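This briefing accompanies the sequence and structure shown below, and its points are grouped by topic.

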Amino acid sequence: RTSTCILSGLAKKYALDACLFVLSWLETNKREVNTYHYNSVIDACAKLGRWTKALHIFGGMVQGSMVRPDTTTLNAAISACEKGNAWEAGLQLFITMMQGKIEPNMITYNATMSALEKGGEWENTLRLLDSMRQRDVGCDAITFSAAISACEKNRRWEKALELFSIMGRSRVESNMVTINAAISACGKGAEWKHAMQLLFVMVSGQVQCDNISFSAAISAGEKGGEWEETWRLLDVMARSKVRMDRITTSAAISACGNDGEWEKALELLDVMACAKMELDRISFNAVISACELRGEW
């Protein structure tokens, strides 16, 4: 009981080296080592993103001891892989879990899907979501955020919107991360109308917006050649008390520049200068293009 309390306390303080020392001492002195001991150490590895160390400890647990891993063990090990951007290792652990007839829960699926999302594995991410729903494992905002983000990174805006719709029908409350991912997916597909609709869902639904929300929507408007909608979003952004940043302003300048709205583009360039934002070549080129289109030399 004493060693369990010690390891638990050390893990909570991210003291991985101390955790490893205690575990090694217990094993060397042939003291009782249980699943909770291993789980505490692997959890400390997960919190620090030390996925290789987590796998090493998990391997020692499986091969060198009589202690059987449980769902918490696998959850911690997969989380370590997710934080370490090691999606292949995380997926292999998930497969090992299923083959060993250890029941996965929502945390297991979320950690594995997040690892796959970071690796750009959108198809595998969606397969896990399907498996999750077939096994009647509950989904939450983290689940759908991982799935929608995976689609966003691979420019699958139709699938991202489909998942967002399923999320609503499943009565899972959306959050800023989820909606931002859906807006970004629409932005990459130049689907400005869908992006605007999602943004106004946030504004009207009392979901917190940030720079990413507006930047993604403004970029969608810019790609769709909708400078007026882009300009309107800047007004909504101000009323929502979200500060403009370089990315947002540059996207708006590009939208104005593409349509030859040189006065608006110059106004925004002035805003950037006054706010001491970094002025980049793209913004200057957009203003010059706008002036050129209207013959303003």
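The model is predicted, so local features need pLDDT of at least 70 and side-chain atom pairs count only at pLDDT 80 or more, while totals for chains, interfaces and linings use all residues. Residues are numbered from 1 along each chain as its sequence is written, and side-chain values use heavy atoms, with hydrogens and water left out.

Thr112
- Thr112 lies in helix H7, residues 106-118 (helices are DSSP runs of H or I, at least four residues, numbered from the N terminus).
- Thr112 counts as buried because its relative accessibility is 1% (buried means under 20% relative accessible area, with a 1.4 Å probe and protein chains only).
- Not counting residues up to four places away in sequence, Thr112 touches Ile78, Gly90, Leu91, Phe94 and Leu128 (contact means heavy atoms within 4.5 Å).

Helix H3
- Asn34 caps the N-terminal end of H3, with a side-chain oxygen 3.0 Å from the backbone nitrogen of Tyr36, and Gly49, whose phi is positive, near 70°, follows the helix.
- Because 10 of its 14 residues are buried, H3 is largely enclosed by the rest of the structure.
- The buried residues of H3 pack against helices H1 (2-12), H2 (16-28), H4 (51-64) and H5 (71-83).

Ile183
- Leaving aside neighbours within four places in sequence, Ile183 is in contact with residues including Ala195, Leu198 and Met202.

Definitions and conventions
Helices (H or I, at least four residues) and strands (E, at least two) are DSSP runs, numbered from the N terminus. Buried means under 20% relative accessible area, exposed over 50%, partly exposed in between (1.4 Å probe, protein chains only). A polar contact is a pair of N or O atoms within 3.5 Å; within protein, one must be able to donate a hydrogen and the other to accept it, and residues adjacent in sequence count only if both atoms are side-chain atoms.
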